[in-house]
Amino acid sequence: MNDMEAVLIKAKTIASAWSQLIKEIDTKGEEHKPDYKTMTKRVHATIYIEDVNNHQVSSAVPFGENLIKKYKEELTEEYAEWYVSLTDDDKRKFDYCYAKQLFRYGETAYNTLHANVINLRPGSRRHVGVLWENEVHIPKYEDQPCWIAYKVELLNETQVRIYILYRSWDAFGGFPANIPAIVEGFKKVFKEQKLPYEIESLIATGWDTHIYEADLQAVEKIFKNNELCPMCKCIAPKHSFIQTTRGKACPECKKSM
């Protein structure tokens, strides 16, 4: 067994962050078998994303834009209201729901995200929300929230930084769907509350950031015919790189020169 690697990734876009992350796990990841016996490769990861609005999805992700659109639609206050209205025996009701945890937290149905964003103070480190309910989730050993906390920091009059914390994070299939959805959820709240904020950057930390054994073959296949662009650090076909005065570049980087 290898030592657990701690990796720091700095990325211009969400697509670049995902591209770098799966490469890091594939090359440096520790083999780990969780308690449910599915082998994974994992790292401890902290990921800084500068631009959360443009180039959110890499062309190499294992699903299309429609699934990401669905995730975005489910991370809303309206979805939380619908979810809590379901009866306990409804098969659509699972053990946790991020919309509920954000907007209808616990028995008091406390809206943590709303309370945090309308009271933002510049430089404060206190605007934190927890998506893990100790009395509910500790006794359960299955279906516990993977995303467990967030923090919103007001940098100046119009810009915020979002911090995300995961106890367990599926890098291959989870990351490219949930990060755009989280961004969309926060932006929707700002808009609904008529707040002038935009997300300046996002920092996400995963204590156990992994690729499942079943997905490792797909990752190897991606990097058989693709590599990271030296400039934007996004996945691009090996044959598509162009030599420029600034070095090798993918077509998108060449276009923006």
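## Asn111 and its loop

In this predicted model, Asn111 is located in the loop that joins helix H4 (98–103) to helix H5 (112–117). Its relative accessible area is 13%. Because buried means under 20% relative accessible area, Asn111 is classed as buried. The side chain of Asn111 forms a polar contact with the side chain of Glu77, at 3.5 Å. Apart from residues up to four places away in sequence, Asn111 touches Glu77, Leu102, Phe103 and Arg104.

Ala109 also has its place in the loop between H4 and H5. With a relative accessible area of 40%, Ala109 is partly exposed. Most residues other than glycine have a negative phi. In Ala109, however, phi is positive, near 55 degrees.

## Lys194, another positive phi

Which loop holds Lys194? Lys194 lies in the loop between H7 and S8. Although Lys194 is not a glycine, its phi is positive, at about 55 degrees. The relative accessibility of Lys194 is 76%, so this residue counts as exposed.

## Helix H1

Helix H1 covers residues 14–28 and contains 15 residues. From its first C-alpha to its last, H1 reaches 21 Å, close to the 21 Å expected at 1.5 Å a residue.

Is H1 mostly covered or mostly uncovered? H1 is mostly covered, as 12 of its 15 residues are buried. Among the buried residues of H1 are Ile14, Ala17, Trp18, Leu21 and Ile25.

## How helices pack against H7

Two packed helices are described by the angle between their axes and the distance between the axes. For H1 and H7, the axes come within 10 Å and cross at roughly 150 degrees. Angles over 145 degrees count as roughly antiparallel, and H1 and H7 are therefore roughly antiparallel to each other. The crossing of H1 past H7 is right-handed. On the H1 side, Ile14, Ala17, Trp18 and Leu21 take part, and they meet Phe175, Pro176, Ile179, Pro180 and Val183 in H7.

Helix H2 (residues 65–74) also packs against helix H7 (residues 175–192): their axes come within 8 Å and cross at roughly 40 degrees. That angle makes H2 oblique to H7. The contact involves Ile68, Tyr71 and Lys72 of H2, together with Pro176, Ala177, Pro180, Ala181 and Glu184 of H7. H2 passes H7 in a right-handed crossing.

## Asp51 in strand S3

Asp51 belongs to strand S3 (residues 40–51). Its relative accessible area is 16%, so Asp51 is buried. The side chain of Asp51 makes a polar contact, at 3.0 Å, with the side chain of Asn54.

Along the chain, Asp51 and Ile14 are 37 residues apart, while their C-alpha atoms are separated by 7.3 Å. When its neighbours within four places in sequence are left aside, Asp51 is in contact with Lys12, Thr13 and Ile14.

## Ile164 in strand S6

Ile164 is placed in strand S6 (residues 159–166). Is Ile164 buried or exposed? Ile164 counts as buried, because its relative accessibility is 4%. Its contacts, with neighbours within four places in sequence left aside, are Trp147, Ala149, Tyr150, Ile182, Leu202, Ile203, Ala204 and Thr205.

Ile164 and Ser19 are 145 residues apart in sequence. In space, their C-alpha atoms are 19 Å apart.

## Thr209 in strand S8

Strand S8 (residues 198–212) contains Thr209. The relative accessible area of Thr209 is 0%, so this residue is buried. A polar atom of the Thr209 side chain lies 3.0 Å from the backbone oxygen of Gly206.

What does Thr209 touch, not counting residues up to four places away in sequence? The residues touched by Thr209 are Leu21, Ile25, Lys41, Arg42, Val43, Ala45, Trp169 and Ala171. Of these, Leu21 and Ile25 are buried residues of helix H1.

Terms used:
Residues are numbered from 1 along each chain as its sequence is written. This is a predicted model: local features need pLDDT of at least 70, side-chain atom pairs count only at pLDDT 80 or more; totals for chains, interfaces and linings use all residues. Side-chain values use heavy atoms; hydrogens and water are left out. Helices (H or I, at least four residues) and strands (E, at least two) are DSSP runs, numbered from the N terminus. Buried means under 20% relative accessible area, exposed over 50%, partly exposed in between (1.4 Å probe, protein chains only). A polar contact is a pair of N or O atoms within 3.5 Å; within protein, one must be able to donate a hydrogen and the other to accept it, and residues adjacent in sequence count only if both atoms are side-chain atoms. Contact means heavy atoms within 4.5 Å. The expected span of a helix is 1.5 Å times one less than its number of residues. Axes are lines fitted to C-alpha atoms, for helices over the stretch in contact, and angles run from 0 to 180 degrees between N-to-C directions. Angles under 35 degrees count as roughly parallel, over 145 as roughly antiparallel, 65 to 115 as roughly perpendicular and the rest as oblique. A crossing is left-handed if the near helix is turned anticlockwise from the far one by less than a right angle, and right-handed if clockwise.
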